[in-house]
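Please find below a short note on the model shown here. The points run from the whole chain to a single residue.

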Amino acid sequence: MAYRLPSPEDKARYVQEKFDQIASKYDLFNDLITQGQHRYWKRVLLRRVGMAPSDRGLDLCCGTGDLALGILPRLSGEGMLVAADFSPKMLQAAQRRLRHHRNGRNAPLTVVLQGDAMRLPFQDQSFEFVTIGYGLRNVSGLEGCLAELLRVLRPGGVLGTLDVGRVRNRWLRPLAEFYLFRIVPRIGKLLQSGQEMFQYLPLSTVDYPDQERLRQIMEQSGFTNVKVREFLFGASVIHLAYKPEAG
Ligand SMILES: C[S@@+](CC[C@H](N)C(=O)[O-])C[C@H]1O[C@@H](n2cnc3c(N)ncnc32)[C@H](O)[C@@H]1O
């Protein structure tokens with residue numbers, strides 16, 4: 001039977017359960033499908049977010065902790081990092097990796113916690129920056145999640161996201177789609193046969209807004225000065241979006 005995406009009502013439960021099931025394969029899958037390039041895109045994202053050492057930051061949908069690991073050396077003992085995700089197995093991997101990282105007197109306070117991006121367990125204006133790698137596409141309501149992010153950011157704070165985008169060049173787009181919809185699921189199948197998450201991941205891009213539309217949605221949600229940076233002709237995209245200064 002052909003694979004069908006979960007219904008909107010079922011999406012959160014499905015995504016949580018399936019990420020739990022692929023947690024041990026996730027990093028290798030990411031390396032294989034991007035030929036390691038996601039590591040470079042993540043470094044660029046963190047550089048563009050441009051955090052200060054004393055900032056308090058949230059890495060939401062942290063998964064196995066790639067971005068959180070990149071953030072830690074950029075913060076000092078006055079800073080703080082929260083890495084949050086709703087999949088216990090992805091979080092366990094993040095916890096393991098972060099434990100081996102810096103500790104000592106000048107290391108930031110680091111908290112790994114289970115939380116839902118649609119109902120963040122933080123007070124208003126808690127963070128100077130929020131990062132999300134490949135997460136917005138997976139939440140059950142894009143606008144609701146952006147509203148939560150705006151709430152927990154301080155005025156002037158920045159949201160930095162990395163996700164799949166739409167290739168603009170009309171000659172290259174069919175090639176990119178062939179790779180995403182035909183090759184990527186096969187790579188997943190090699191790693192974990194019978195695991196439908198590797199079909200979900202490419203198909204979840206179909207209803208996800210392209211980079212220009214996402215920029216508009218961010219602005220309509222109350223963010224300002226939204227900037228877009230594309231890689232691979234738009235196949236991979238960073239958005240930076242700022243919460244307006246108070247007053
Ligand atoms: C594709 S992984 C991204 C992992 C990591 N950020 C990276 O860049 O490689 C997406 C993550 O988002 C998490 N996620 C999806 N919806 C969520 C929600 N509503 N609340 C918290 N985490 C969520 C999943 O559990 C999963 O770990």
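1. The accessible surface of the protein chain comes to about 12,300 Å², by the Shrake-Rupley method with a 1.4 Å probe. Carbon and sulfur atoms hold 51% of this surface.

2. This is a predicted model, in which local features need pLDDT of at least 70 and side-chain atom pairs count only at pLDDT 80 or more, while totals for chains, interfaces and linings use all residues. Residues are numbered from 1 along each chain as its sequence is written, and side-chain values use heavy atoms, leaving out hydrogens and water.

3. The protein chain has eight helices and seven strands; these are DSSP runs, helices being H or I with at least four residues and strands E with at least two, numbered from the N terminus. Along its principal axes, the C-alpha trace spans about 50 × 40 × 35 Å.

4. Of the 247 residues in the protein chain, 49% are buried, where buried means under 20% relative accessible area (1.4 Å probe, protein chains only). Among contacts (heavy atoms within 4.5 Å) with a separation of 6 or more, 76% join residues 24 or more positions apart.

5. Helix α5 (residues 142–152) contributes Leu142, Cys145, Leu146, Glu148, Leu149, Leu150 and Val152 as buried residues. Their cover includes β1 (56–60), β4 (127–133), β5 (153–164) and α8 (211–220).

6. Not counting residues up to four places away in sequence, His38 touches Asn30, Asp31, Asp66 and Tyr134.

How values were computed. Buried < 20%, exposed > 50% of the residue type's maximum accessible area, 1.4 Å probe, protein only.
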